[in-house]
2 protein chains.
Amino acid sequence: MAGWDNGGMTDNHSPVTHLTDEQSLDLLATKTFGRLVVHRKNDIDLFPLNYIVHDGKILFRTAEGTKLFSLNLNDDVLFEVDNVEQTSEDTGEAWSVIVKGTARILKDTTEIHAADEAPLKPWLPTLKYNYVVITPNEDGLSGRKFNLGEEPERY
Amino acid sequence: MAGWDNGGMTDNHSPVTHLTDEQSLDLLATKTFGRLVVHRKNDIDLFPLNYIVHDGKILFRTAEGTKLFSLNLNDDVLFEVDNVEQTSEDTGEAWSVIVKGTARILKDTTEIHAADEAPLKPWLPTLKYNYVVITPNEDGLSGRKFNLGEEPERY
């Protein structure tokens, strides 16, 4: 299970709330910027990118390069989106949603045309020819909400 | 090499600028919120957390839990911090700094006392007993700056 460490607290007073899959997907849909983590053998890499949620999946575009090379070697990926809102110096709210899933480059023309209809807006002014879709694993969604605050006194 | 995919562009007009180690550390020091990626065997996990840069290293605190368990099994970790600033709907600037390094739990009393002096402020109101320090590998720093903009027309 991924997320902020909640210090082993599991009662209702925990500063960490576990989100349902629906809540997690809803939060994912509010943002367009996330982080893709790929791995091969013992090497891990992370790529910030723009995405959209499309039919419960993560869709993004990429040019050929390191990212696709890694995806070609390992299709099990982790994708993360988070948000931090401080309401004062010491308090605030944050959330993080993690998607563990399988990445696949769209090859089928019908799929690519369908993806072209999606409101996916890349920010980097480079040509991006490939669509990649991440399909969450069963139980692959993991969302948490955090109430930020002062650490309690040690006792 | 990690970072946004630059589409194979390497000339001066590239929307991606590679940063020096010093620039990368300077940017890291402007933020307090990052993401730790740990792995064991084929499983990857990501943990958002608060950190500070201390003597060119990443310092954070954690309670016992999943995070430390993973660190105990695999001490090679990836840490990422990023920032996106949109100046209009279509333009803006972003950066991402990735640190690949070795994580170590502080055990030595002198080290722990020194860490106690660091201005590290956890946001989650849970007791965090352990300090963890990430020492960057040689060539383990990788920073990039991105000029966001419209994708060029395909030709």
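In chain A, strand β7, which covers residues 92–105, is mostly covered, since 10 of its 14 residues are buried, where buried means under 20% relative accessible area, exposed means over 50%, and partly exposed lies in between (1.4 Å probe, protein chains only). Strands here are DSSP runs of E of at least two residues, numbered from the N terminus. This is a predicted model, in which local features need pLDDT of at least 70 and side-chain atom pairs count only at pLDDT 80 or more, while totals for chains, interfaces and linings use all residues. Residues are numbered from 1 along each chain as its sequence is written, chains are lettered from A and ligands numbered from 1 in the order in which they are written, and side-chain values use heavy atoms, with hydrogens and water left out.

Strand β7(A) has partners on the sheet, and two strands are said to pair if DSSP finds at least two bridges between them. With β6(A) the pairing is antiparallel and runs over 11 bridges, and β6(A) and β7(A) form a hairpin with five residues between them; within this pairing, D76(A) stands opposite T102(A) of β7(A). Strand β8 of chain A, residues 130–148, is also antiparallel to β7(A), the two being joined by 13 bridges, and here G92(A) faces L148(A) of β8(A).

Strand β8(A) also holds D139(A), a residue that has a positive phi of about 60 degrees although it is not a glycine, and that is exposed, with a relative accessible area of 74%. In chain B, D139(B) lies in strand β8, residues 130–148, and has a positive phi near 60 degrees, again in a residue other than glycine; D139(B) counts as exposed at 73% relative accessibility.

Turning to charged side chains, the whole structure contains 14 salt bridges over all chains, a salt bridge being a side-chain nitrogen of Lys or Arg within 4 Å of a carboxyl oxygen of Asp or Glu. One of them joins R35(A) to E80(A), with the closest N and O atoms 3.1 Å apart; because R35(A) lies in strand β2 of chain A and E80(A) in strand β6 of chain A, this pair ties together parts that are 45 residues apart in sequence. R35(A) is buried at a relative accessible area of 3%, and E80(A) is buried at 0%. A network of salt bridges links R35(A), E80(A), D82(A), R35(B), E80(B) and D82(B).

Another salt bridge is formed by the side chains of D45(A) and K100(B), at 3.0 Å from N to O, and this pair crosses between chains, from strand β3 (residues 43–50) of chain A to strand β7 (residues 92–105) of chain B. D45(A) counts as buried at 6% relative accessibility, whereas K100(B), at 21%, counts as partly exposed. The side chains of D45(B) and K100(A) likewise meet in a salt bridge of 3.0 Å, N to O.

Finally, the largest pocket holds about 500 Å³ of space. Among its 24 lining residues, the closest to its centre are K31(A), F33(A), R35(A), D82(A) and V84(B). A pocket is an open set of points on a 1 Å grid over the protein atoms alone where a 1.4 Å probe fits, with protein on both sides within 12 Å along at least five of seven lines, and lining residues have an atom within 4 Å of a point; the volume is the space filled by probe spheres set on the points. Strand β6(B) gives the most to this lining, with four residues.
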